[in-house]
Amino acid sequence: MSAMDELKNQPLVEVRNLKKYFPIKKGLISRVVGHVRAVDDVSFAIRKGETFGLVGESGCGKSTLGRTILRLHHPTGGDVIFDGRSMNAMKSRDLRALRQEMQIIFQDPFGSLNPRFLIKDIIGEPLRVHTKASSKEIEERVAHLMSLVGLDPARRNQYPHEFSGGQRQRIGIARAIALNPKFIVADEAVSALDVSVQSQVINLLIKLQKELGLTFLFIAHGLNVVRHISDRIGVMYLGKMAEIGPSEELFRHPLHPYTAALLSSIPLPNPEIKRERIVLQGDVPSPANPPSGCRFHPRCPFAQERCKSEVPALTEVMPNRQVACHFPLVDKAMGIGGK
Amino acid sequence: MSASDSALQAVKKSPGPWKIAGRKFVRNPYAMAGVFVLLFFVFVAIFAPILTPYDPAKIDLMNANLPAGSEGHLLGTDELGRDILTRLIYSTRVSLTVGFSVALASVLIGTVIGAISGYFGGWIDTILMRFVDVMYSLPSLFINILVLTLWGSSFGYMIMVLSFTSWMGVARLVRGNFLQLREMQYVEAAKAIGVSNVSIIFRHLLRNSIHPIIVYATLMVGSAILSESALSYLGLGIQAPQTSWGLMLSNAQEFMLIQPQLALYPGLCILVLVLAVNFIGDGLQNALNPKEKKKIPMRRLQQWRNEYLKSAN
Amino acid sequence: MAERVLEVSKLTAGFPTDHGFLKAADNVSLKIDRGETLCLVGESGSGKSVTSLAIMRLLEYEGGFILDGQIKLHDEDLTLKTQEEMIHIRGKKIAMIFQDPMSALNPVFTIGDQIAESLRLHQGMSPKEAEKEAIELLRRVGIPAPEIRIRQYPHELSGGMCQRVVIAIALACKPDLLIADEPTTALDVTVQAQILDLLRKLQDEMGLSILLITHDLGVAAEMADRIAVMYAGTIVEEGYVKDIFANPCHPYTQGLLQSIPGFEGERGSELYTIKGSIPPLTQLPSGCRFHPRCPHATPKCMQEQPGHYAVPGKDHYAACWLHDPAGAANEETGVSRE
């Protein structure tokens, strides 16, 4: 492998043992009685130019993980190495400058835009904060960004409420790419959109990734969307990473029982297919009080003694396939997808 | 069309929330009546020397206690021979000045404290809110007496004392608003961009909470005028030779049985001005409320019901 | 022969505004037989929620009216009922469940009280009887330890459990028809699978008919016997689930199915998109409402709204001029409505 290839394969974002706990306070003087372990010792890496999909159900911590990587939450433990630089070692001034390189697209096209701001001010704000560009230069750049995401630049003097949901999401995307960042966290960026609009926005994201060389962390609960847009996928459960692998392989051949159950629950838009469904019992436990050992053991159809006491580590059991399970489903084919 | 061509032509800015609110306000008859009355008083206050030839403080015992309608004195004179109409006119200056100054100052103080408290939360919030609680517990009348006794009663001191004892309502209001607003996703978005906290408070959040502040400020004007009148009535506020409606009321107290109109005129002025200000405040509140469900009049509802007969129940 | 439980004919309903009457549901016709599930599929602005509210005669509470049409529940026309009469029908003969289970339950009443309310209102049960029945209902919807749960408050339950409670309340008086408006949209996918399984199980046990409203074609594929696709207030296609998926005939249905990323397709490829966006009710296009976005639009589509034409498959209809048996060439022929 040449030096150039080596460099290309160096991860852009490396997450090392990241933890984010939220204290639970009780009583008059708010003493801390416990912690919600939203992200509990997660490690993985995202390569440059890749789209890493992150899936999981409510309470798994995927949104918290995305925000902690961007330092919107201060990590309780662990570190994030961005482009070779440790974020823990950075001072607040460096962190602030780093914001130009990492951005976020939100889920809610209605709440993520200030209703009292004009579109050009919303999109231009990153430029106003980080560059010394004049207002005329900012306005030109805003017009350029708007046409890049498929909006009419002539509408830049309007307010967010005059746009549809899909268009507002495009405004959010334009804002995120305003400073040419390297890394974007898309937190359920298409989940709140109608199906016909979703496909438009997904196409836009893929197009922008190719044109601008972006790296995405795509957090979503729509598994079909994640599969379509991601190169690799990570599955989270109750604050821990259960499995990581390339999209198609993961879907066709999940190694973690939770992944298999998740995939089998998806209703497929094809009435001909009758699948055997793994129905999980009970509800997701609270992240404030996770089960001992493997977090999934109370609901796992394949749980054994060892699972109750020993926490499984995320290990590479097959090339490019990591799973945190004592008894991964190596020889069972329980997935969905083509041949 | 290239991007640079489009940069030259942009759609005109659509009517912002202010213009829309303005239109709603203008259609409210009570609010507009209030505006006219207020403007009238402002006009009177500004052009006082032109409107009346008399000096409000000049004592003229020769012409004391003239009844209303006497020559040269439309409303008569009081017991010291001072023209009542003139005194009313010059009092307008005092009331308006006090009203607007106190409203402005208390809203400024309250907004800053409330914004900081609501946005940062935590111990900053706790400390500031306990401070608010303390301020609420202090008797403002007592403080006024104290200040005016220790440092002499001057116009400026009275405005200061009134301001320092009436900002708490705004602070709580703004704090409540900010507690809610800081959870908005656009705040998170701004933080992700790297916008500083100060910028978030004053650029992003303030304009989203300005409506209740404005309404509160308008109503504050009325309440400040009433407070000043009360203080002056008690002899703690405006002192002679300056005039104020409250002071006039105080003078009129002795003569209530003989010449009740001496109390009527200043009392009526206070009432009308404060009422006007309250109508404006109400009108602003209605105009600035974007989500108001339009109340369809009963008649129109019946008409629709008759037209669309299928589910006419 | 299955008995007809619900028959909606030519229902037109909406809201009066300053700009005239907005028809959120225009000329909608549906039918559901006993034990059958009809899925009403559509995106936002399609009128599916308004249709369901109109059927329940709840539209009046939102300021809307039914302009025209019939809603026959067995043989009673619900459009002719007064609101007082409807109170005795809702909960007893038709029940409805909504999207967000947390807000559907009153936070200050216990679960037991809320289930009992329906029982005491419609069946005149005493509090003790109602409590016993409530425990039984909770058991049926799969909530463990129901004796403890009936004394709990909604905030103590998870989203999935709340939705089960909502289902229990809805089915307390054994209605003939259940209207479910996006019942699993707010839930995780594993919980969604549980709730859908539960609905199917209860349907088999009780002979329940379900009108399921959803935007998720996967849910429709799983749950529906028949599907009706709505767009901008009208039904554009209707048929049995296998026919709709195997042979969609309306361009909108075809577009919808194509734009969903599937599990078979090539990753990262460009998805099919339906160009344009859903029109707001105040600016509906002339003629066929879908024509500005349709890849097969003809001049006739811009002028006249198409009727419902039979297409291949049992009881399969599409509202599209392309399927007019009279053909586009012969414009004199009247529209053949089925």
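The legends below describe close-up views of a predicted model. Because the model is predicted, local features are given only where pLDDT is at least 70 and side-chain atom pairs only at pLDDT 80 or more, while totals for chains, interfaces and linings use all residues. Residues are numbered from 1 along each chain as its sequence is written, and chains are lettered from A and ligands numbered from 1 in the order in which they are written.

**Figure 1. Chain B is built from 14 helices and 0 strands.** Helices (H or I, at least four residues) and strands (E, at least two) are DSSP runs, numbered from the N terminus. Along the sequence, the pattern of chain B reads α-α-α-α-α-α-α-α-α-α-α-α-α-α. Of the 313 residues in chain B, 36% are buried. A residue is buried if 20 or more other C-beta atoms lie within 10 Å of its own, exposed if 12 or fewer, and partly exposed in between, with C-beta atoms placed from the backbone. Two residues are in contact if their C-beta atoms, placed from the backbone, lie within 7 Å. Among contacts in chain B between residues at least 6 apart in sequence, 70% link residues at least 24 apart.

**Figure 2. Helix 3 (residues 29–46) of chain B crosses helix 5 (residues 84–120) of chain B at roughly 110°.** The two axes come within 8 Å; axes are lines fitted to C-alpha atoms, for helices over the stretch in contact, and angles run from 0 to 180 degrees between N-to-C directions. Helix 3 of chain B is therefore roughly perpendicular to helix 5 of chain B. Angles under 35 degrees count as roughly parallel, over 145 as roughly antiparallel, 65 to 115 as roughly perpendicular and the rest as oblique. The crossing of these two helices of chain B is left-handed, a term used if the near helix is turned anticlockwise from the far one by less than a right angle, with right-handed used if clockwise. On the side of helix 3 of chain B, the contact involves B:Phe41, B:Val42, B:Val44 and B:Ala45, which meet B:Ile89, B:Thr92, B:Arg93 and B:Leu96 of helix 5 of chain B. These contact residues divide into 6 nonpolar, 1 polar and 1 charged. Ala, Val, Leu, Ile, Met, Phe, Trp, Tyr, Cys and Pro count as nonpolar, Asp, Glu, Lys and Arg as charged, and the others, Gly among them, as polar.

**Figure 3. Helix 6 (residues 122–137) and helix 9 (residues 168–181) of chain B are shown together.** Helix 6 of chain B has 16 residues and reaches 23 Å from its first C-alpha to its last, close to the 22 Å expected at 1.5 Å a residue. The expected span is 1.5 Å times one less than the number of residues. The number of buried residues in helix 6 of chain B is 1 of 16, so this helix lies largely in the open. Helix 9 of chain B has 14 residues and reaches 20 Å, close to the 20 Å expected. Its buried residues include B:Met168, B:Val174, B:Phe178 and B:Leu181. The buried residues of helix 9 of chain B pack against helix 5, helix 6 and helix 11 (197–233) of chain B.

**Figure 4. Helix 6 (residues 165–177) and helix 7 (residues 195–212) of chain A pack at an angle of about 15°.** Their axes are 10 Å apart. Helix 6 of chain A is therefore roughly parallel to helix 7 of chain A, and the crossing is right-handed. Among the residues that meet are A:Gly165, A:Gln169 and A:Ile173 of helix 6 of chain A, and A:Val197, A:Leu204 and A:Leu212 of helix 7 of chain A. The contact comprises 7 nonpolar, 4 polar and 1 charged residues.

**Figure 5. Helix 10 (residues 257–265) of chain A is largely enclosed by the rest of the structure.**

**Figure 6. Chain C touches chain A through 40 residues, in contact with 37 residues of chain A.** Helix 8 of chain C gives the most to this side of chain C, with 6 residues. The side of chain C that touches chain A divides into 16 nonpolar, 15 polar and 9 charged residues.
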